[in-house]
Amino acid sequence: MGRLTFSEKQREYFANRSHRWNIKCGATRSGKTYMDYYLIPMRIRECAGKNGIVLLLGNTKGSLQKNIIDPLREIWGDTLVSDIRSDNTATLFGEKCYCLGADKVSQVNRIRGCSVKYCYGDEVVTWHKDVFTMLKSRLDKPYSRFDGTCNPEGRLHWFKAFLDECEKKGIDLYVQNYCIDDNPFLNADFVENLKKEYSGTVYYDRYILGKWTSAEGVIYRSFADDPEKFVIDEIHPEQYVYAQIGVDFGGGTSAHAFNCTAFERKFTGFATIADYHRKDAATPAQLYEDFFVFLEVCRKRLHGVPLVDVYCDSAEQTLIGGLRAEAARRRAGVEIHNAYKKPINDRIRFYAIMQGAGRYHIYKECGATIEAFRTAVWKDNETTDVRLDDGSTNIDNLDAQEYSTESVMKEFLQRK
């Protein structure tokens, strides 16, 4: 292994890591996790032979494998680092370690009764609070240590409350706060583009500046400030290679929405080219008829651009089954799927990134969706980010719009 180079912030952490609680909070890609691939081996060897278990916790076991175990294996090799086995253990640097997800309250029972000599925590703010509460009582040895990383969330988040409580009560805690510019090894163009993508959103404060900032007011600030920057007067089908529809069935009495999104080659950009919003109640037969009228509008605007996949809110299985049957009867040439229904705040962040990067546009006749992006706001005084849905805006069109693009979200949200 060649000579390792660490940033000033990383060296500072190594020099001050002797506390019971050792936390790195801050911006995405700021170097918080990279140094842990060298810290974890040191911690495990320091407590080798002592009573207690070594515990690694992440949002899920899968994310822990991807974020921590896989990079450790790449650096140190599979002799020193095993994959996570079916019994939720891995052998790391000669020590049997327990590797668990922490996103569900059911995980509390997995660590109940354990005595933990060392715990590493990945993406701590994504954990269930009760798992963290149980962990606090399990770090019961005089030599017990915790290293954890997180991106900051809102000021009312339970983990921020824990950090504040530790400071107030003088609990043995060391906290580092990172901004993106604390990582000198990042490509300057990448940093500039990331700042543009998050500009004008709460995510800029969190993922660029590394601040605990509550989500307040308008969600899509850049869109609300200048909608015309995103609105296109004409559709040019030659720009697009395929299109997808998102459907939000509101049930028998709620609003219903359809949105169609067209994608540019290699996903350099995408645009909403048609939308539909129905506020009043409708029978299933009426909704199906409305959908196939909408489908024809989309195809006329697309002029031959392939449109096959339709993603529907999975909460309405009866309506989805009926739509699927009707599409087959009409030989409509579309496949009806359940939407992925990824976490709503992942969907929101995706659109914030795409709008900030100038990669999202919307046709001028999509009035319901334009109004929805312009007026969407965060719900006040929540411990987590919650989009207000009180019936006063066309939130249904945002759901339908998000369903139409969930299949391409993943690569843009893996930026820890």
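Okay, quick one on helices: by helix I mean a DSSP run of H or I with at least four residues, and a strand is a run of E with at least two, both numbered from the N terminus. What we have here is a predicted model, where local features need pLDDT of at least 70, side-chain atom pairs count only at pLDDT 80 or more, and totals for chains, interfaces and linings use all residues. Residues are numbered from 1 along each chain as its sequence is written, and side-chain values use heavy atoms, with hydrogens and water left out.

Now, how do helix 5 (residues 129-138) and helix 6 (residues 158-169) pack? Their angle is about 30° and their axes are 10 Å apart; axes are lines fitted to C-alpha atoms over the stretch in contact, with angles from 0 to 180 degrees between N-to-C directions. So helix 5 is roughly parallel to helix 6, a label for angles under 35 degrees. K129, F132 and K136 of helix 5 meet W158, F159 and F162 of helix 6, contact being heavy atoms within 4.5 Å.

Last stop, just after helix 12 (residues 344-356): G358 has a positive phi of about 70°.

Note on methods. Expected span 1.5 Å × (residues − 1). Parallel < 35°, antiparallel > 145°, perpendicular 65-115°, else oblique.
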